[in-house]
Amino acid sequence: SVVVVGSANMDLVVATPTLPRPGETVLGQDFTTVPGGKGANQAVAAARAGARCHFLGAVGLDAFGDELKGCLAAAGVELDGLRRVAGPSGVALIAVDAAAENLIVVAPGANAQLTELDPVDRELIANCDVLLCQLEIPLETVAQAAAAARAGQTVFILNAAPARALSDELLALVDVLVVNQTEAAVLAGLDGGREVARADNVPELLSNLLAAVPRVVLTLGAAGAAYADREGTRLEVGAPPVAAVDTTAAGDAFTGALAVAWAQGRPIEEALRWACAAGAACAQHWGASTSLPLQADIDALYER
Ligand code: ADP
């Protein structure tokens, strides 16, 4: 089983022909609200990909909180770790242009109140195969979850998104780091004040990050993903070619599926290819949590 400790946000989404520059106003198309947040998305992704998945997070007592809870429940996510707190739920303001490129601002709301894990939470983490975290909740909480995972021999997969500086103490608890090229460049550059690595230099990014963590998965958009570990394994797999409509949650689909494959003990190359199929399947459809693929959708692209 997988446990996600992370954020839940209501995504407020507008499609627009072009993204606005600072100070510019553009006229968009239809407005939609879609349950999202990297944590909730990855929990839904893992559940839809076929795993038993628990979500440990916080939403407000507002209507968005009700909707977020309902969406997680509908996907089959276990909600024993969900807290309802005073104040607004987290929201994300998202614009998506005709080329499927996006622009996002997050207001954390209730997610900022996820500051303390209790003994029941630690036991839940210790009893799962994989702990999956992102960086949209307080880093102290991620560190507490990581320590509980280490104590319980649960594999800790960290999706270091959105990119933030991380302490050596936290990085030392990471078993598998999952990043896109932008996040990798930021993390590699922040590591020990070294020169910022070029985002398009995959081997250099992987080598840089292996100094901090034992295994790295680097997502490469339509090109797929690369993997490296300290034992010397290096892999690169392509994503199945698809007509991309909206890549908003592709990284979440990829990471959720990777956590599931890891919990199932699948070989790394197979896990990477399956996660790429999940990301590609997600990019084919409009929306965030609504476009996260089911196990059968992933398998269909994986076998193609
Ligand atoms: P993020 O969305 O976090 O920036 P990426 O853009 O690297 O991450 O996408 C994550 C994964 O989703 C990729 O590794 C790939 O498997 C899949 N993916 C993303 N965009 C496409 C695309 N245009 N075609 C096929 N697969 C894609």
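Trainee: Let's start with the ligand. Which residues come nearest to the ligand?
Mentor: Remember that this is a predicted model. There are 17 residues around the ligand. Asn180, Thr219, Gly221, Gly224 and Cys276 come nearest.

Trainee: What does a polar backbone atom of Gly221 lie 2.8 Å from?
Mentor: An oxygen atom of the ligand. Gly224 also has a polar backbone atom 2.8 Å from a ligand oxygen.

Trainee: And Cys276? How far is its backbone N or O atom from an oxygen atom of the ligand?
Mentor: For Cys276 the distance is 3.3 Å, from a backbone N or O atom to a ligand oxygen.

Trainee: How much of the ligand's accessible area does the protein cover?
Mentor: The protein covers 82% of it. On its own, the ligand has 550 Å² of accessible area.

Trainee: Where does the ligand sit?
Mentor: In the largest pocket.

Trainee: Which helices each supply at least two residues of the shell around the ligand?
Mentor: Helix α8, residues 250-263, does. So does helix α9, residues 268-283.

Trainee: How do the shell residues divide into nonpolar, polar and charged?
Mentor: Ten are nonpolar and seven are polar. None is charged.

Trainee: Let's stay with α8. Where is Thr255, and is it buried or exposed?
Mentor: Thr255 is in helix α8. Thr255 counts as buried, because its relative accessibility is 1% and the cut-off for buried is under 20%.

Trainee: Which backbone oxygen lies 2.8 Å from a polar atom of the Thr255 side chain?
Mentor: The backbone oxygen of Gly251.

Trainee: Now α9. Where does Gly279 stand, buried or exposed?
Mentor: Gly279 lies in helix α9. Gly279 is buried, with a relative accessible area of 10%.

Trainee: How far apart are Gly279 and Gly256?
Mentor: In sequence, 23 residues. In space, their C-alpha atoms are 9.5 Å apart.

Trainee: Let's move on along the chain. What about His285? Where is its place?
Mentor: His285 is in the loop between α9 and α10. His285 counts as partly exposed, because its relative accessibility of 44% falls between the 20% and 50% cut-offs.

Trainee: And how far is His285 from Ala243?
Mentor: The two are 42 residues apart in sequence. From C-alpha to C-alpha, His285 and Ala243 are 9.1 Å apart.

Trainee: Where is Leu294 found?
Mentor: Leu294 is in the loop between α9 and α10, and α10 covers residues 295-302. Leu294 is partly exposed, at 41% relative accessible area.

Trainee: How far apart are Leu294 and Ala253?
Mentor: They are 41 residues apart in sequence. The C-alpha to C-alpha distance between Leu294 and Ala253 is 9.9 Å.

Trainee: New topic: backbone geometry. Which residues does a cis peptide bond join?
Mentor: Ala161 and Pro162. Omega there is about -5°. Pro162 is in the loop between β9, residues 155-159, and α5, residues 168-171.

Trainee: What is the phi of Gln153?
Mentor: Positive, about 55°, although Gln153 is not a glycine. Gln153 is in the loop between α4, residues 139-151, and β9.

Trainee: Why does Gln153 count as exposed?
Mentor: Because its relative accessible area is 75%, and exposed means over 50%.

Trainee: Last one: α1. How many residues of helix α1 are buried?
Mentor: Nine of the eleven, in residues 38-48. So α1 is largely enclosed by the rest of the structure.

Trainee: Which residues of α1 are buried?
Mentor: Among them are Gly39, Asn41, Gln42 and Val44. Ala40, Ala43 and Ala45 are also on the list.

Trainee: Which residue with a positive phi follows α1?
Mentor: Gly50, with phi near 115°.

Methods: Residues are numbered from 1 along each chain as its sequence is written. This is a predicted model: local features need pLDDT of at least 70, side-chain atom pairs count only at pLDDT 80 or more; totals for chains, interfaces and linings use all residues. Side-chain values use heavy atoms; hydrogens and water are left out. A residue is near a molecule or strand if one of its heavy atoms lies within 4 Å of it. A polar contact is a pair of N or O atoms within 3.5 Å; within protein, one must be able to donate a hydrogen and the other to accept it, and residues adjacent in sequence count only if both atoms are side-chain atoms. Accessible areas come from the Shrake-Rupley method with a 1.4 Å probe; for residues, only the protein chains shown count as cover. On a 1 Å grid over the protein atoms alone, a cavity is a set of points where a 1.4 Å probe fits but cannot get out, and a pocket is an open set with protein on both sides within 12 Å along at least five of seven lines; lining residues have an atom within 4 Å of a point. A molecule sits in a cavity or pocket if more than half of its atoms lie within 2 Å of its grid points. Helices (H or I, at least four residues) and strands (E, at least two) are DSSP runs, numbered from the N terminus. Ala, Val, Leu, Ile, Met, Phe, Trp, Tyr, Cys and Pro count as nonpolar, Asp, Glu, Lys and Arg as charged, and the others, Gly among them, as polar. Buried means under 20% relative accessible area, exposed over 50%, partly exposed in between (1.4 Å probe, protein chains only).
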